[in-house]
Amino acid sequence: KRRGSGGSQSGRCGRSWLPFAAAGGMEDFSAKFVSQKISKTRWRPVPAAALQPPELFATGSWDNEENKISVWSVGDFGSLGPNGEYQGEPQLLCDIRHHGDVMDMQFFDQERIVAASSTGSVTIFRHHQNNQTLSVNQRWERAHYHVDPDTPFYGGASCTGVICNNPEIVTVGEDGRINLFRADHREAVRTIENADSSTLHAVTFLRTTEILTVNSIGQLKIWDFRQQRNEPSQIFSLTGDRIPLHCVDRHPNQQHIVATGGQDGMLSIWDVRQGSMPVSLLNAHEAEMWEVHFHPSNPDHLFTCSEDGSLWHWDTSTDVSEKPSFFHQGGRSTTLLSHTANQSVISAWLSNNPTKDRMEITNLVPNQTLSVNSLDVLGPCLVCGTDAEAIYVNRHLFA
Amino acid sequence: MCFAWGPGEMLVYETLFPKEHAEKRPGCPNIFIVRKDQDVYSQTLRKLFNESHGIFIGLQRSEEELAGKSRKAQLVRVSKNYRSVIRACMEEMHQLAISTRDPELHCQHSTQVSILSAMELIWNLCEILFVEVAPAGHLLLHLLDWVRLHVCDVDSMVREVLSCEYPSKHKDFWNAVDIFVLQGRMDDARHLLSKEASANPTSMGMCKILDDLMKKMPILTIGNTQTLTEMELKWQHWHEECQRYLQDGTFASNPHMESICKILLGDENAILEKKELMTTWYHFLVTRLVYSHPTVKPVELRFYAQSSMDLFLGGESSPEPLDSILMAAFEFEIHQVIKECSIALSNWWFVAHLTDLLDHCKLLQSHNLYFGSNMREFLLLEYASGLFSHHSLWQLGVDYFDHCPEYGKVYLELHIERIPLNTEQKALKVLRICEQRQMHEQVRSICKIMAMKAVRNNRLGSALSWSIRAKDAAFATLISDRFLKDYCERGSFSDLDLIDNLGPSMLLSDRLTFLGKYREFHRLYGEKRFSEAAKLLLMLMTARIAPCSFWMTLLIDALPLLEQKEVIFSAEQTYELMRCLEDLTAGKTDNQKFQVDDFEITKVEILRLALARNLARAIVKEGTLEGS
């Protein structure tokens, strides 16, 4: 009995040297290492009438032997620090096995989560809040697949994107297929075979009957489900370079404004009412931009994350000169001028006045080397997940 | 039979012996898979790997910009960061161990806890001796902290003593006081002693004197400016005072207090009597130094360490691996520390990161191995290879290889090719890693794999995208041929969205150029821009862009243009078309001609007729125009 130590060493050598706590701009983030590479993070939507910030989010993992969908809480049971700041880290509420990598994930409603798998299946999970469990609610096993011409074998093709607009669910995949599902319908309501000859990377709703897709040859397409033709109603494309586009989001209030992110890390802003080329191209990340999100209630703010390990906050709301200087301290902060075409609409994203048209850009997670795969913003809260197997939560975005 | 570790740090062997509980099937030998680095698969240790990866990268980037004191402070900070990660991991493992009901799991977790605990203990000592390099005086303060941090059973005992109604009546009361004294925690010891004083009026006077001695004990504090000589002088005075009280029998009536007074005087036997309370020889070493050699110099440590271990173990038990490692550290034998750790610990994480840190402290530069480059690189390569054998942690390994100047790149090249590419997204991530490091060979290979997969899945558009990304002309040609073949069979193009948007990438291969131009011809024709279409069609043949096998199709495509009401091909263009047709038919050997079926002959005849009629019309038209 010579070596009695082990265990029970608590308190003294606490986490006061937490490396990311020291990094600039990270003070408001709480981080948690979760032993799985995170491919998607999504806030559970808050009821329209509610004013409180979101309390739950879901994550999906990838590249593990066994992947998972997990639900986390950032509720108020964490202790408050000396200055009243929130200190608690996210708490795992429940998780469930997911077959294949989680390629995309969306909350369908308050209880249901739709997940897209690398096996080609699309699954709706239900989160039972009374006993904190997850269960499979519905599954479309072969939503996306390849057909081998020589054998009757159907191989699953990765489902790369999913978007919900209750009761409809639209999925896209590596097979170039677009599926329109309706919850509680066993078969797809509509399928556009070979909609795209290259890989479709992401999808979002433009209006209730129209969707936007981006693909691996740099095209942004609008599809109208009212039309029976299996052709896009409009094609936009980057000039000549064919740089793949990986993500797309639509301005929450001005539906004609669309943002996309590309393989070269470039942020493109499009006006889908006119032209076939982007209104502005903004040099951003050094590698693939995996996600772009307009802030849903504060769309002057935009957030992007990338394979290069950075998460950028783009702010067009204020004049730079009026900004308090401490705002610059968080990581790399640059001011860019956008190269805009002639526009009549007054929107910060489309305006072309070079003196006023300044953007404040802050890297929210500096010193991170591995990819930030996903992010989500809702109210004052941001959550992101990385290949370094960590999730970061900030509950005071605009503080 | 012989064994060698295969790729993925895995050993596979065939055996006739079944695993326990496994069903034995006749004639079916068992195959065992042995993994070299089991720790990589621990869920909790994954956090250690991921979190320390960030610290490692930070240390590599911090390179040399600071000098002297601030550089040292920075290295100490990095070392503490590593330790805090080990501690966090240990605490989580501890939670798992106490929360599980499965005895086997509990045992497994507890083992991990003690391994992590030992790691942190060693790291902390190395930090004090090699990174901090504390001078005489301060050295002991650090060692005291080290002992206090790692001997934790005390805290629970003290809590128990303090929580009872009459602490001084508790059976462990004097043990608790002793522990505080042994750890040099004078204030805590005095606090406890005051309980005895208030509970027991008869010993009040004695307590007061002992309390006073403890209070007066000279201590060097960090940031204090007093010199070592001053300190030693004060020490001498205090020592003499203690000696006086012991000799005049002040504490004779209370053996507890008498033994404490002997400890204060550095009496080895008195300290050794408390062996059970110290639990380890290194605690004994530090206690002994506190009360007999408070200003010990780093170089003197080895003598005291060796004799403390001998005294403490007293020949009863032989030193364990942890003892040898700590001893090597006290002897400042860094290489010995690393060697022993490599043997004793079950993973490469510890030695790789510790060695890297010590290398940044410039402590390992003289040492070269007879294989590979240096020890730092050798250990990092081993660690990173272990990560690469894991289905998910391989991404961390990349950055470690990056910081191995000698062999890192070769290792990365060999390992990255073995990453299974199950989705395009994963392929893109691997591709990005290769492109950033100018690993052209691997870039080509990944794109080729993905292009082949796409072809197999009949996704020609995707396949073409991948070969364009790899600038793989041969494969682009192959895919273009597939497109053309599909066109010939079906009479229409698939994947128009792609072919119409080839842009400059069309120039990658001749066949791809042809495909793009041929599609352009169809578009012009569809838009009824006949003369432009005709010119393009002719150019495709005369400039030899079109493959010979495709000429007949092109000539047939010319038919509707020849049959238009208007004359589209000029006389000169018609001559050229005719030459193309004759080249095509004349080029074939008699043997081939023999095999040409009737349909083919009919085609040629129709073409000849159409060409002749067009020529006639063109000559007439051109003649008329010139005439007018």
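Predicted model: local features only at pLDDT ≥ 70, side-chain atom pairs only at ≥ 80, totals over all residues.
Local features are given where pLDDT is at least 70 and side-chain atom pairs only at pLDDT 80 or more, while totals for chains, interfaces and linings use all residues. Residues are numbered from 1 along each chain as its sequence is written, chains are lettered from A in the order in which they are written, and side-chain values use heavy atoms, with hydrogens and water left out.

**Exercise 1. Describe chain A by its secondary structure, its buried residues and its accessible surface.**

Step one is to take the secondary structure, in which helices (H or I, at least four residues) and strands (E, at least two) are DSSP runs numbered from the N terminus; chain A has one helix and 31 strands.

Step two is burial, where buried means under 20% relative accessible area, exposed over 50%, and partly exposed in between, with a 1.4 Å probe and protein chains only. Of the 399 residues in chain A, 59% are buried.

Step three is the accessible surface (Shrake-Rupley method, 1.4 Å probe, with only the protein chains shown counting as cover for residues), which for chain A comes to about 15,800 Å², with 48% belonging to carbon and sulfur atoms.

**Exercise 2. Describe the interface of chain A and chain B by its contacts, buried area and salt bridges.**

Begin with contact, meaning heavy atoms within 4.5 Å: 67 residues of chain A are in contact with 67 residues of chain B.

Next comes the buried area, the accessible area (1.4 Å probe) that two parts lose on being put together, summed over both; between these chains it is about 5,600 Å², and carbon and sulfur atoms give 45% of it.

Then turn to salt bridges, each a side-chain nitrogen of Lys or Arg within 4 Å of a carboxyl oxygen of Asp or Glu. The rule finds five of them across the interface, and Lys426(B) and Asp63(A) meet in a salt bridge at 2.7 Å, N to O. On the side of chain A that touches chain B, helix 1 (19-22), strand 10 (145-147) and strand 18 (219-224) each supply at least two residues.

**Exercise 3. Which salt bridge does Lys37(A) form with Asp63(A), and where in chain A do the two residues lie?**

First, the closest N and O atoms of Lys37(A) and Asp63(A) are 2.8 Å apart in this salt bridge.

Second, the pair links distant parts of the chain, 26 residues apart, with Lys37(A) in the loop between strand 1 (29-33) and strand 2 (38-43), and Asp63(A) in the loop between strand 3 (56-61) and strand 4 (67-73).

Third, Lys37(A) is buried at a relative accessible area of 0%, and Asp63(A) is buried at 6%.

**Exercise 4. Is Asn614(B) buried or exposed, and which residues is Asn614(B) in contact with?**

Asn614(B) is found in helix 31 (residues 598-627) of chain B, and it is buried, with a relative accessible area of 0%. Leaving aside neighbours within four places in sequence, Asn614(B) is in contact with Leu562(B), Val567(B), Phe569(B) and Thr574(B). The side chain of Asn614(B) also reaches the backbone oxygen of Phe569(B) at 3.3 Å.

Key: Polar contact = N/O pair within 3.5 Å; in protein donor to acceptor, adjacent residues only side chain to side chain.
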